[in-house]
Structures are given as C-alpha cells and as structure tokens.
Amino acid sequence: YPSPRPTSPGGLSPYDKDAPIHTVDEFINGFMDELNFGRGVSLARSSRNDQYIALSKAVRQNLQARWMKTLARQYEEQAKSVAYLSAEYLLGRQLDNALLATGMTDVVEEGLDALGLSLDRLRAQETEPGLGNGGLGRLAACFVDSLATMSVPCIGYGIRYEYGIFRQEFEDGWQVEHSDRWLALGNPWEFPHPEHAVTVHFGGSTETYTDDRGRERTRWLPAWDVQGVPYNYMVPGYRNGRVNTLRLWSARATRAFDLRIFNAGDYVEAVRAQTFAENISKVLYPEDSTPQGKELRLQQQYFFVACSLRDQLENVLPKYFDLANLPDRVIFQLNDTHPVIAIPELMRLLVDEKGMEWDDAWAITQKCFAYTCHTLLPEALEVWSVELLGKLLPRHLEIIYKINEIFLDEVRAAYPGDEIKLRRMSIITDHPERSVRMAYLATIAGSKVNGVAALHSELLRDKVLPDFSAYWPDKFTNVTNGITPRRFIRLSNPGLSDLITQTLGDEGWVTDLERLRELEPHADDPAFREKFRQVKAANKQTLAQVLSTRDNITLPTDVMYDVMVKRLHEYKRQTLKLLHIVTLYEQILSGKVAVEDVMPRAFLFGAKAAPGYRIAKEIIALINAVGKTVNNDPQVQGRLTVAFPANYNVTLAERLIPAADLSEQISLAGKEASGTGNMKFALNGALTIGTDDGANVEIRQLVGDDNFFLFGMLEPEVEATIAEGYSPVSVYENNPQLKATIDLIASGHFSDGDRNRFEPVISNLLGEDRFLALADYAAYLEAQQRVEAAYADPDDWSRKAILNVARSGFFSSDRSMVDYIDRIWHTPAITQ
Ligand code: AZC
C-alpha cells in the first residue's frame, strides 16, 4: 500500500447518493420527522432542546449511510487499522463539525430560517463533550478527525465518562468546580449497543494447573466483574464520504453480579452494587500531568482497554482469525501511559485464554503496541503500587513480573555486572514504595516510542529514558503534534477561511494545509493586509460580544489581544504573565511611565486548575484579583484590561484564538512537551511570544525569527542555573522593578489591604520558584517591549501575522498522521 495523503474534497460530494438530505425541502422534512416522531412534539410546542436534538438527528442521517459503507469496505479489505487507545477525547461540539463534514450548512440554515428558527441559537444549545483535560485529550480528537479525512481505518477507544471535565465558576475570584452534566439533556450523537456489552473481571487470585497437553499453565480466578457497554460515535472525514468510529465504553453491573446478591435476598445491596459498577465510568479525573495512584483510576484504565482488546479480537476480526497474524491487522497506539495495562492484558489473552506459548505471544504483543509519551515532568510518569495492582489485577502483576524478569536477563547479558543499570531499567522500582513504572513497561513492550515535538523527543531519549534509547536506538522516534484545520480554522475562523479561499482560488487547503504557503507573496500586498486586519477586527468584535453575554465581561475591541489559555500549571508560568501585567500597572501607579505612553492591551486568560492543586488555585485567585483592581482603577484609563472568562473549553477556544494578536507560550524551557495551542494561534494569525520549548522551537524555525518573539533561558541553561543553586530571592533583590512588582502584590494592593491573602504565591515564588519565573522575568519584559514596538507598525505586524499563517501548514494533524503512518503504523488508506 502506498502511504496515504489527505484525500482532497474531490471524494464524495455533499450531494452524493448515500445522503438522504440534499435539498432544503428534504431537510425540512427530515427535521420535522425527527421533531414530530423522534421527540413527539409539534414545532409550536417544541423546546430549543427538542429542536437541537431533531436538527442533530437530521444531520447525522446524512452520515449514517456513509458510516455503514465505510465499515463494510473495511471488512471487505481486511486491512490493517489503527486502534487508538486513549483515556481522553476532548471532542468539542459535534453539530458544527458534522455540518461542515457533510457540507450541509447552507441547506440547514435556509431550512431552519424557513421554519423561523436560527442555526446559531440551536448550535449554542449543545453542551460540548468534555471528555478530556487538555492537550492530550484534544490531540486524540484531532488525530481521529485527520485519520477519517485521510481514509485511514481507525477506531478510537475510550471511556464514556458520565461527567467530563468539571465546569469552572469563580466565587470571589476563587475557582469552584461543578459537575459537568453533559448528558443531562440527551445526546443525539451517540449510538449505544448494550447487546454488544463485554464483561471485564477484577480482583481475586491466580492458580496453576496442568492443561490437557500436559503443560503447566496459569489461570486467573477473578472475584468480581462489570460490563462495558459500547457507545459508538461517528467520526466524519471532511467531505470524503468516510466515517470512522469512536467507541466509548460505559460501565454497568453484570447480571451475574446482581443475581448473586439478589439470591442472597438483599435487594438494597444489589442496587448498591450496580452503583459500584457504574462508578467506573462515572467521572473523568481532572488531574492533568499529575496523576494520583487512585484505585478507581486503575479500574478505569483496565476497564476500557480490556473492553477494547476483547472488541478487537472478538468483534472486529473475523471468526477463526489466526492470532499469529494480529500485527498485520491492528496497531494499538497507547496515548500516554493510561492504557498501558493493555500490554499484560493482551499477553494474558494470548497465553492464558488462547493457549499460546509465552515467547510467541510476546513476539506478537511487541509488534502490536506503540507508545506516545506526552510529558517530561517526572511527577507525570505514572506508577502503580504493586500492592494495588496485585489486589485489582493479580494475574497482570504476575505477567508484568515475568516480562521484567526476561527483560532484565537480556540487560544482564548485554551489560554484565552492571547492577546499577539493571536497577535503573527495571519495570519495578522500590522507591518510594514497590511499584510498576508504566512508561518502562510501554517502552519495553512497544515497537516504537515517540515524543510529541522534536525537542521533546530528544529530551525523552537523552534525559527521561536514556538507558532504553541506548539499548534500542531504533525504537525511539519523533512525531510532532498537529491540530485539525477543519475545526481550528475552517470552522472557528470563517472570516480568515473565506479570505484564504478567495486568495488561493479553492478550498483545497483545508485538506492540504501546506498550500497556505501560497499566501506568502500576499504578505507584501497592502490591500491583502488590510483585508486580513479587517478579519481580525471582526473576530475581536465577535469575541467581545460572546464574552459580554457569556461572562458579563466588557472588552475594548480596538486594542491588542494578548492571550494565554491552557491548563493552570506552574511550569506553564501563568505567574510570569501576571508579573508582566502587574509591572505595567505598577509603572503607571508609581509614575515611572505616563499613562498615555502605555500601549493599550487586553490580557485574556483561560485556565482550569486541578481541584486539589492548591497553589494553582491561588494563582487563579490572584489573576482575578489583579484583574478586578486594574480594570476598575481610573488611573489606568482603560489602557489595561484583564479578562478571565471562567470555564475555558474547546467551544471558547474556538472564539478566543481567532481574535488573538499575541499568543503566550512561556513555559520554562524543557518542560512543555509540545503544546498545541501554540499551533492554533499561529495558524490563526497571532504572533507568538515564547520560550525555546516544545513545538515553539519548530514554529519559530518555520515562521522565521523575525516573526516570533523569543525570550528566556534555553534548556541547558535552565539545568545549569539549577545546578548552580538558583536563588529566586537574589533575583528579586537585584531587580528593582521586579521587587516593586512583587512588593505591590505583597502590600495587599490587590486584596483590600490584606497582606496575607496572596502570601502563598509570593512565598512560593521567592522561596522556591521551581520553574524559574523570576529568572526569566527581565528577558520576558524585554521581549514584551519588542512586541510593543512591532505592534506600533500595523502594516509590519500584519505582514508578520500573515507569514505565520502561511508557514503553519506543517502543523496540520494530517501531517502528524502521515508521520505516524510512515514511522510507526504502516497502515494503508482505503478508498471508498
Ligand atoms: C500534554 C503536554 O503537556 C502538551 O505539551 C502536549 O502538547 C499535549 O500533551 C499533547 O501531546 N500532556 C498531557 O496532557 N499529559 C497528561 C499526562 O495529561
């Protein structure tokens, strides 16, 4: 098979024969049927939710025939497919994406209009499925979108959390979390299949026995079980007639489980047991980058991978399939360590259940898995205590021990006498307690290990897994992350998309993003720059309107929009951004800078903090407090505005990013694996102020030094600074402006005179400053001055911004998929 490239929209037209709805009349009929017979209401009596659901179901009809055809073709071809295993999918709203994929938007708009309804209002009715925390979950959603658009067979497996990422509100500036009841009003995008439920076991013990061929074998005697019910979601390709599947598992009690207790006569206990089972898929853990070794989390991980493997072996593959050929049919991509328990599970299935010999099973397993690492933070590398694993999955623990034993024998043979290396490479560690290092297990078992940006892959090889990369140099590779241009420009930025299409002459760029290069010459055309600026200005108006209704925030529209949106984490350094804002403000207060000389800016934040991450929540409170003070201080004369809309999510990102002028990507070098927000901003014509970290490095190389504001220490300098014994207090004492800035916070200026209010943040910065915000402060201020100088020349700024757009084609997730296919998966594309 040739390696696939994105299929152009030349495939099936929106008006192909499979689609039941082509004309406005057909749409109106389909919609009214869904409303009358699906919802059981007349148009006059229908609620907005009825209308939204009827609309979604009418639209999804247009995808269903293609979906079935895709599955039939796939079965016919018996080709290798990608099984993407991810605990998170941060999908964003579905309706718009389905309209875009089918090309139905105009027909629907007209039809609704004729009925006196507004598409915009119905769109707003959808609660986005927030089944992810941040970058890792959104990446999975972009990847499945690209694979469908490229006609590559893929099934995404995950968990149908009843509650996704929490809904954030602010009370007195403090984050409070509310449960995300995203399913409460019904979900028209899912197809439950309880008849295909699979059973997953937990607990108990193991025993050895002699099989009928006289071989010594082991079997698992589990203590309890739950069922996984698959819920299928359509993943439509962009106008290519292909629809892939996302299969999310929901937990429920098994009948056996119930019956045992019912028979014991305890009705109440039986119902409680159901709740116990359902708990497994109840809620997404809201920790991003700092997993906690909670039993329920391990249950979730095993639950979804056990369901998914069984689904592959028993439903996807034909009957009597020879499992020796499994690697020719499927590659399980492990999205970080969350699904790594799939490795011993496949070994268990092959050895214990299918009776294979260990070595044969191991050879198959090694070819069927590949592992993506998404972090460099040591605290983010998942470990599971042996005690917990042994209690919940005793057979898997034995298998992990055996994998480790055989592997360590190999290492011993390769490095005789090197006990220290042996201990370093062991899957099992004894500190701080005896536990299993999941990243090591994934590395040993996986056919490939990849990082998510060039720098990250290098650091992963040299710093995180150096012993393994020395032992298996060819196992390690890089695939730089990407973003789907369908959602993150075509849908979210219609103004810029139209301008690009007009300029390039057709829409082919949506599936061939490198074609944005053709915009380069237009960067020097004043008329084009003017149109580009008009698009940005209109996007600011739209955002201001959205924030006014959504959050009651008043935003000026004629100023620079300086945006920092991402999870709240110390390594991402929202505090550094905050120090910049307080510095500008302090310079006005102290008279160092005349207010007329301050460049007007709006600073926009969006960030959720993990609920138990104390200091992150304090930082949120401080941003809100500074915002309140600055926004209401007449001395500032409206030149500085701080806006922090609550509950940043995909829907809000789609509004914020197209309106941004400046993208803040200011993590400490060597800490952000990649970043993908950085790519979305560049693609939408914001300039980046950023450190030499993650994918910033590649963005800067592509867009050019002149079109990127680089600052801060490089990764080796960071290491050296820490090695020398970094002292944040001395940085503070030696920089009068920094001192004045921090002192202003400490004085209680932002907390009604309460000097203790933000003491935790201050002492964190002055006492430890783990991520060297103070060390990069001066360089950051200097870079911000370069930003201001550049922004003062609108024509030049637009030129730079246009070049950012033109040179961002590389960051399409279509390109990431080509790299995964060439370097790791070797899967074909299937034409319809
Ligand atoms: C994130 C990284 O922090 C981010 O830099 C990267 O762009 C993204 O993954 C996608 O690769 N990592 C996580 O979210 N990690 C975990 C464990 O949640």
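## An exposed serine

Let's start with Ser730, which is exposed: 10 other C-beta atoms lie within 10 Å. That count makes Ser730 exposed because the label applies at 12 or fewer. Bear in mind that this is a predicted model.

So where along the chain are we? Ser730 has its place in helix H28, which covers residues 728-734. Look across to Ala775 as well: 45 residues separate Ser730 and Ala775 in sequence, while their C-alpha atoms are 9.8 Å apart in space.

## The domains

The protein splits into domain 1 (1-77 + 94-127), domain 2 (78-88 + 129-362) and domain 3 (485-809). If you take the centres over C-alpha atoms, domain 1 and domain 3 sit 37 Å apart.

## A sheet of three strands

Now for a sheet. It is an open one made of three strands, running in the order S15-S17-S16 with antiparallel pairing. The edges belong to strand S15 (383-385) and strand S16 (428-429); each has a single partner strand, so one side of each has no neighbour in the sheet. As a general point, strands in a sheet pair through backbone hydrogen bonds.

Take a look at how S15 meets strand S17 (residues 435-437): the two pair in the antiparallel sense, over three bridges. Within this pairing, Ser385 stands opposite Ser435 in S17.

## A helix on the sheet

Which strands does helix H16 touch as it packs on the sheet? Helix H16, residues 438-445, touches S15 and S17. The direction of H16 makes an angle of about 50 degrees with that of S17.

Terms used
Residues numbered from 1 in each chain as written. Predicted model: local features only at pLDDT ≥ 70, side-chain atom pairs only at ≥ 80, totals over all residues. Pairing = 2+ DSSP bridges. Helix = DSSP H or I, 4+ residues; strand = E, 2+ residues; numbered from the N terminus. Contact = placed C-beta atoms within 7 Å. Axes fitted to C-alpha atoms, helices over the stretch in contact; angles between N-to-C directions. Domains from an automatic or database assignment. Buried ≥ 20, exposed ≤ 12 C-beta atoms within 10 Å, placed from the backbone.
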